[in-house]
Amino acid sequence: MKQILKISTGFLMIALAFTSCNNGESKSNSALSSSAAEKVYVAPGEHDEFYAFISGGFSGQLSVYGLPSGRLFKVIPVFSQDAEKAWGYNEETKPMLNTSHGFIPWDDAHHPDISQTAGEIDGRYVYINANNTPRIAKIDLTTFETTEIIEIPNSAGNHSSSFVTENTEYVVAGTRFSVPIPQRDMSIKDYKGNFKGSLSFLKVNPDNGEMTIKFQLLMPGFNYDLSHPGRGKSHGWFFFTTYNTEEANSLLEVNASQNDKDFIAAINWKKIEEYVNNGGGTKMPTKYAHNIYSDETHTATSTMINEVLTVNPLEVPGAVYLLPTPKSPHGCDVDPSGEYIVGNGKLSANLTVHSFTKMVDAIENKKFDGEAYGIPILKFEDVLAGSVEQPGLGPLHTEFDGKGNAYTTFFISSEVVKWKLGTWEVLDRKPTYYSVGHLMIPGGNSAKPFGKYVVAMNKITKDRYLPTGPEVTQSAQLYDISGDKMELLLDFPTIGEPHYAAGCPASLIEANSKKLYKLEDNKHPYAAKSDADTKVVRKGNEVHVQMTMIRSHFSPDNIEGIKVGDKVYFHITNLEQDYDVPHGVAMIGANTSELLIMPGQTETFVWEPKQVGVWPFYCTDFCSALHQEMQGYVRVSPSASNIELSWSLGEVF
Amino acid sequence: MKKSNIIMLLAAIFPLALFVFPLWNITLEAPQYPIPLGMNIYINDFADANPYDIKNINLMNHYVGMKYIPDAIPEFKIFPIGIIITSIIGLIFAFKGNYKWFLAWFILMMVLSATGLYDFYLWEHDYGHNLDPKAIMKFTNPDGSVMGFQPPLFGTRHILNFTAHSYPRLGAYFLGLGITMALIAYLTGKKTS
């Protein structure tokens, strides 16, 4: 009996030991997960610490997220039509999507970059590139609207764009494809030696952020993949990665991967600027659109420009050098001090880092290793700062935390790797889910990164979320990088392909965000600023309705005298002057989108009635307790009828 | 100059602050207005506490049939003249008069202020009760009578989804201070005589 007691006591002890051990484990698990949850939790009504502007890739738009919560606030339409906001559908914004090829309703938006002053993010504008039909857009961060789009001539696959210099002197746009410049009918096989790659420097007006093409540098016919400006000591230089230095025109996956080293092109833009300011360069006939949206007229204008200034690099000695960089480098990233230029050789086993100081020294001592089309090539060993040995597979992009560390994405091995600048040792690695492309640290492309978080933008999501058929959500991931080791905090879905992002502390932007447009400042030619201004005017078969909207009615809301075959322009002004009181409007049978009109704004849609009848329109944005009453009718008579135009509000018949 | 006359001098000057600072303020709070709507009442103007507040108060109030807050009311002409005249009288008393006149000025100002407040009450009552018969929304009190929306003359009151606060502002405090000082001038003068 004693024996049994002893044995059972023993079992009990063991059982207790296991239980307590289990308890301990589950406790530590929950403590860990709750800390990650707490780090991304932003309580209801509270604001995020950072803004993140994440491009939508092939969606053509720019999304605005909060970090660390990963909450989506707005999708800013940029290069693609957006029926929700009438972008590219209403008469006011259609000119924004005009190009030398005519109206283009879509593009591929890649690299947002926030304007800078003295090397630091200033939170005024975001610039972003369209890849397909080369364009650069400016988004105003007081309205979070696209206010300018400029087309880039002589460019194709506008990919090494749209990065700003440290005082936003320039926004730079490099071509991916080399093409005949000027475009002409020639055999594709004659590419080698005949095609050119253009690197465009867009001067920025410091007062309003507006861009003009200052000059285009016509480089050898390589592919120009990515770029970044020098900063600090290397301010005045711009660096571009190249691939296909083989100048292949077919089966590039093989034929453009043969050279052991491609180049990083180092461009001394200050030197070229001086050359151009002294009358240098060649004016070339071309055609490109420059579209500007005014917050005063609430209307865009598109201007076609017929000339661009081109610069032959050989005519500006000492302005362009080539830095050999292994294996088709993709990302071209400059550290916050401006000393290190990272060439992310996507087919290379090692990560190559060049030294700006050594580059300048090599140039001064003419340590050249031949030339390419007359452009001096520097010796690899003379410009190399160091290599990160075997850090992972398929390096794409590097960002910096401002504390001496760099973070590089590896597409093939699907991870973010943290390494140390100067010692080149790998400090940490964390998997991504899956196949990460760009990564973003707020303030990344500046002298002052805010190294608290890194966002990894993935190309593949597969099983990470509830499935939605063959097409699953796109996704980004947030890591805490404030400690020695990175910690994955959050997965969050994104719009389109989250190609690249720019971020900064919310405090730089939040206070400048406009609440409404002042009605007294509205200079739209068809604005009706009060009910007294409303009218309906016929000009042949064109009818212009100047209408107002305010809680909870349109004025006028009954219109007669419209005829089949008329082209009716509804110019509608939102008379509200209160924060967050937009109104919408939609007309049955109109071959366009709704309008979503902000307080104080005027927008226009066109309706071409094809059928006789009495046709209703209504407010589409739930605006007030009487939103369902916010509606009206238009009477459409046969084209031969002679019913006079009449309009009214509130008349009881 | 006698001490009481100096005090009377200040008493006569203080109400002039009404030309700089608002007399009264009405603030309306509601869940949808994290920044409340507010109106500052000057002796010659209704002013937005924040841009467009009065326009938005009007927009809210039209649902229950309240009239728009007018751009101008006759009081905006009468009040400034009244303040200037009484201040001039006060100044004359301060330089020429004795303490008995100070008491007279004190009583005059009390009567005028009370009249002003009563006038304000009448306007508020009309504003809150004289409703458009075609109002979008009509509310009744538990006893069946038509609900009014009169903001309080002084204090805080809940009106439907709004909490209305009505309190004097700096201008009114200067006026009150001026009136009180006239009384002090009277008492000081009386003691020394």
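**Two chains, question by question**

Me: Which loop of chain A holds A:P556?
Reply: The model is predicted. A:P556 belongs to chain A and sits in a loop. That loop lies between β37 (553–555) and β38 (558–563).

Me: What kind of peptide bond joins A:S555 and A:P556?
Reply: Most peptide bonds are trans. Between A:S555 and A:P556, omega is about -5°. The bond here is cis.

Me: Which residue is joined to A:Y433 by a cis peptide bond, and where does that partner lie?
Reply: Omega at this cis bond is about -10°. The partner of A:Y433 is A:Y434. A:Y434 is in the loop of chain A between β29 (426–431) and β30 (436–440).

Me: Is A:H298 buried or exposed?
Reply: Most residues other than glycine have a negative phi. A:H298 is not a glycine, yet its phi is positive, about 55°. It lies in the loop between β17 (282–294) and β18 (299–311) of chain A. Because A:H298 has 23 other C-beta atoms within 10 Å, and the cut-off is 20 or more, it counts as buried.

Me: How many C-beta neighbours inside 10 Å does A:K327 have?
Reply: A:K327 is not a glycine, but has a positive phi of about 50°. A:K327 lies in the loop between β19 (320–326) and β20 (329–334) of chain A. A:K327 counts as buried, and its neighbour count is 21.

Me: How many helices and strands does chain A have, and what percentage of its residues count as buried?
Reply: The C-alpha atoms of chain A fill a box of roughly 100 × 95 × 45 Å along the principal axes. The secondary structure comes to five helices and 45 strands. Of the 653 residues of chain A, the share that counts as buried is 50%.

Me: How far apart are the C-alpha centres of domain 1 and domain 2 of chain A?
Reply: The domain assignment gives domain 1 as 50–512 and domain 2 as 519–648. The C-alpha centres of these two domains of chain A are separated by 43 Å.

Me: By class, which residues make up the side of domain 1 of chain A that touches domain 2 of chain A?
Reply: Twelve residues of domain 1 of chain A are in contact with 15 residues of domain 2 of chain A. On the domain 1 side, the classes are three nonpolar, four polar and five charged.

Me: How do the residues of chain A that touch chain B divide by class?
Reply: Four residues of chain A are in contact with five residues of chain B. The chain A side divides into one nonpolar, one polar and two charged.

Me: What pattern does chain B follow along the sequence?
Reply: Chain B has five helices and five strands. Its C-alpha trace spans about 65 × 35 × 25 Å along the principal axes. Read along the sequence, the pattern is α-β-β-β-α-α-α-β-β-α.

Me: What percentage of the residues of chain B count as buried?
Reply: Chain B has 193 residues. The share that counts as buried is 28%.

Me: Are α4(B) and α5(B) roughly parallel or antiparallel?
Reply: The axes of α4 (residues 99–129) and α5 (residues 170–192) of chain B come within 8 Å. They cross at roughly 155°. An angle over 145 degrees counts as roughly antiparallel. So α4(B) and α5(B) are roughly antiparallel.

Me: What is the handedness of the crossing where α4(B) passes α5(B), and how do the residues of the contact divide by class?
Reply: The crossing is left-handed. Residues in this contact include B:F102, B:W105 and B:F106 of α4(B), and B:L175, B:I179 and B:L183 of α5(B). By class, the contact has 13 nonpolar, two polar and one charged.

Me: How are α1(B) and α5(B) set relative to each other: roughly parallel or antiparallel?
Reply: The axes of α1 (residues 3–13) of chain B and α5(B) come within 8 Å. The crossing angle is roughly 170°. The cut-off is over 145 degrees, so α1(B) and α5(B) are roughly antiparallel.

Me: By class, what residues does the contact of α1(B) with α5(B) have?
Reply: Among the residues that meet are B:I7, B:M8 and B:L10 in α1(B), and B:M181, B:A182 and B:A185 in α5(B). By class, the contact has nine nonpolar, five polar and one charged.

Notes: Residues numbered from 1 in each chain as written. Chains lettered and ligands numbered in written order. Predicted model: local features only at pLDDT ≥ 70, side-chain atom pairs only at ≥ 80, totals over all residues. Domains from an automatic or database assignment. Contact = placed C-beta atoms within 7 Å. Nonpolar A, V, L, I, M, F, W, Y, C, P; charged D, E, K, R; others polar. Helix = DSSP H or I, 4+ residues; strand = E, 2+ residues; numbered from the N terminus. Buried ≥ 20, exposed ≤ 12 C-beta atoms within 10 Å, placed from the backbone. Axes fitted to C-alpha atoms, helices over the stretch in contact; angles between N-to-C directions. Parallel < 35°, antiparallel > 145°, perpendicular 65-115°, else oblique. Left-handed = near helix turned anticlockwise from the far one by under 90°.
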